[in-house]
Amino acid sequence: MYDLPPEIDVRADGDLRIITLNRPDSLNSVNDDLHVGLAHVWSRLAEDRSARAAVITGAGRAFSAGGDFGYLDELRQDADLRAKTILHGREIVLGMARCRIPVVAAVNGPAVGLGCSLVALSDIVYIHPEAYLADPHVQVGLVAADGGPLTWPLQMSLLQAKEYALTGARIPAQRAVDLGLANHIADDPVAEAIDCAKRIMALPRQAVESTKRLLNIHLERAVLATLDYANTAEEQSFQTEDFRNIVAKLNAPKK
């Protein structure tokens, strides 16, 4: 539904919308079509007055493995694609921060890069015990304009945010809960997330949506304070020699 690319699937379960990142053969790594879909889905949800809550998850074994290596190489070479992607990254961040309805993340497997960002921007998070979060932007030579550094300082200590943003280290499920990056560990995070969303949907609509907005005003203000700088810095990092060399290694044929 919503006339989006097939790489992002949205289906209705009554007033619930289930959003699935849908590139399972590549662990839902982000290519241009998936990025475009993620940029547009939040405005579609806002316009869908029958929607009361949403669950976001990944198809197959992963939530999202982060940026597709081929897509990263395209971004290095194509200035117009970079400009579009930077714009859409901004729309993803602000779209989630301003989303009218509660968004519950079901982290069914690794959530890396933009996948990790989607989790950080969700309202409630259920994570599989073997899943993990990671933001490796710096490891590939990029500034995380739509990544953990935008939101993590609101969710955990600044020192912890610096450690994980600067090193790209994996955050295991239990550690994510302990840090405040996830709410619950669940063997079936999708079922638990759906149950949570339906419990919220049973509550008075205006109270739910206004309370979410009240809480997310803090998030939106924090994001807007840094987003312009982050976008400019990420655009610059796409053109560095470090990024070019790292992407070339990532795309080199396996021996």
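Modeller: Contact here means heavy atoms within 4.5 Å. The model is predicted, so local features need pLDDT of at least 70 and side-chain atom pairs count only at pLDDT 80 or more, whereas totals for chains, interfaces and linings use all residues. Residues are numbered from 1 along each chain as its sequence is written, and side-chain values use heavy atoms, with hydrogens and water left out.

Colleague: Why does Leu-121 count as buried?

Modeller: The relative accessibility of Leu-121 is 4%, and buried means under 20% relative accessible area (exposed is over 50%, partly exposed in between, with a 1.4 Å probe and protein chains only). Leu-121 therefore counts as buried. Leu-121 belongs to helix H4, residues 114-121; helices are DSSP runs (H or I) of at least four residues and strands (E) of at least two, numbered from the N terminus. Although 98 residues separate Leu-121 from Leu-219 in sequence, their C-alpha atoms are 8.7 Å apart in space.

Colleague: How do H4 and helix H5 cross?

Modeller: H4 and H5 (residues 148-155) have axes that come within 9 Å and cross at roughly 40 degrees. Axes are lines fitted to C-alpha atoms, for helices over the stretch in contact, and angles run from 0 to 180 degrees between N-to-C directions. The crossing of H4 and H5 is left-handed; that is, the near helix is turned anticlockwise from the far one by less than a right angle, whereas clockwise would be right-handed. Cys-116, Ser-117, Ala-120 and Leu-121 of H4 make the contact with Gly-148, Thr-151, Trp-152 and Gln-155 of H5.

Colleague: What makes H3 roughly antiparallel to H9?

Modeller: H3 and H9 (residues 205-237) pack at about 165 degrees, their axes 8 Å apart. Angles over 145 degrees count as roughly antiparallel (under 35 roughly parallel, 65 to 115 roughly perpendicular, the rest oblique). H3 is therefore roughly antiparallel to H9. The crossing of H3 with H9 is right-handed. The residues of H3 that meet H9 include Arg-82, Ile-86, Arg-90 and Leu-94, and their partners in H9 include Leu-219, Val-223, Leu-227 and Asn-231.

Colleague: Is Leu-227 buried or exposed?

Modeller: Leu-227 has a relative accessible area of 0% and is therefore buried. Leu-227 lies in H9 and, apart from sequence neighbours within four places, is in contact with Arg-90, Leu-94, Ala-145 and Leu-150. By way of contrast in position, Leu-227 and Asp-195 are 32 residues apart along the chain, with 33 Å between their C-alpha atoms.

Colleague: Which residues have the most contacts inside the largest nonpolar core?

Modeller: They are Trp-42, Val-107, Leu-133 and Trp-152, in a core of 65 residues. Helix H3 (residues 79-97) supplies the largest share, seven residues. A nonpolar core is a set of buried Ala, Val, Leu, Ile, Met, Phe, Trp, Tyr and Cys residues joined through side-chain atoms within 4.5 Å. Leu-133, setting aside neighbours within four places, is in contact with residues including Val-107, Cys-116, Val-119, Ile-127 and Leu-181. A second, separate core has 15 residues, among them Ala-186, Cys-196, Ile-200 and Met-201.

Colleague: How many disulfides does a search of the whole structure find?

Modeller: The search finds zero, a disulfide being a pair of cysteine sulfur atoms within 2.5 Å.

Colleague: Why is the sulfur of Cys-99 too far for a bond?

Modeller: The closest cysteine sulfur, in Cys-196, is 15 Å away, and a bond is therefore excluded by distance. For Cys-116 the closest is the sulfur of Cys-99, at 19 Å, which is likewise too far. Both are buried, Cys-99 at 5% relative accessibility and Cys-116 at 2%.
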